[in-house]
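Visitor: Could you walk me through this one? I'd like to see the model before we talk.

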Amino acid sequence: MPLSAQHTSAALRIVASEEGVAQARAFTEDTLRDWSLGHRGDDAALVVTELAANAVVHAVPRARADAPEVWLGLTRDADRLTLAVSDPGDTPPVYPPHGICALEEHGRGLFIVDALSEEWGWAPRPPVGKTVWATLSTTSSLLP
């Protein structure tokens with residue numbers, strides 16, 4: 001089947017811990033290498049790290065005890081790679097206000113996601129939770 005007609009996906013349950021975020025990053029890098037997209041591995045791993053860390057730090061502690069877990073989904077087609085993290089939180093992601101210092105330790109995650117992705121957004125995931133996603137080109141990095 002030619003790549004243009006091929007649609008590939010992979011998923012990982014993210015343990016709500018620093019180790020879980022590191023596993024999500026490694027899973028992303030390994031999956032992209034398997035998909036011959038290793039040239040997008042660094043950017044994709046950084047985006048996944050930010051999305052997963054936001055889910056673990058902000059959504060999981062506020063979730064109901066019976067809420068679903070955090071999941072990472074990777075989807076590839078001929079032109080686009082979609083990275084998605086689903087979590088049990090109902091609160092939308094917060095893009096920091098203008099004026100935040102780039103050297104601040106916290107609050108820059110979505111700036112990084114915005115800078116590295118072609119587009120990003122979020123959607124509610126009924127009955128509870130949300131999915132935050134970002135897309136990257138499969139052909140090249142945004143950086144020269």
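**Salt bridges and a helix**

Guide: R80 and E119 form a salt bridge, with their closest N and O atoms 3.1 Å apart; the term means a side-chain nitrogen of Lys or Arg within 4 Å of a carboxyl oxygen of Asp or Glu. R80 sits in strand β3 and E119 in strand β4 (residues 119–124), so the pair ties together parts 39 residues apart in sequence. By the way, this is a predicted model, where local features need pLDDT of at least 70 and side-chain atom pairs count only at pLDDT 80 or more, while totals for chains, interfaces and linings use all residues. Residues are numbered from 1 along each chain as its sequence is written, and side-chain values use heavy atoms, leaving out hydrogens and water.

Visitor: How many salt bridges does a search of the whole structure find?

Guide: One of them joins E69 to R13, closest N and O atoms 3.4 Å apart. Another pairs R33 with D30 at 2.4 Å. The search of the whole structure finds five.

Visitor: What separates R33 and D30 in helix α1?

Guide: Helices here are DSSP runs of H or I, at least four residues, and strands are runs of E, at least two, numbered from the N terminus. R33 and D30 are three residues apart in α1, so what separates them is about one helical turn.

Visitor: Which residues of α1 are buried?

Guide: Buried means under 20% relative accessible area, exposed over 50%, partly exposed in between (1.4 Å probe, protein chains only). On the other side of α1, E18, E19, R33 and D34 are exposed. The buried ones are G20, V21, A24, T28, T31 and L32.
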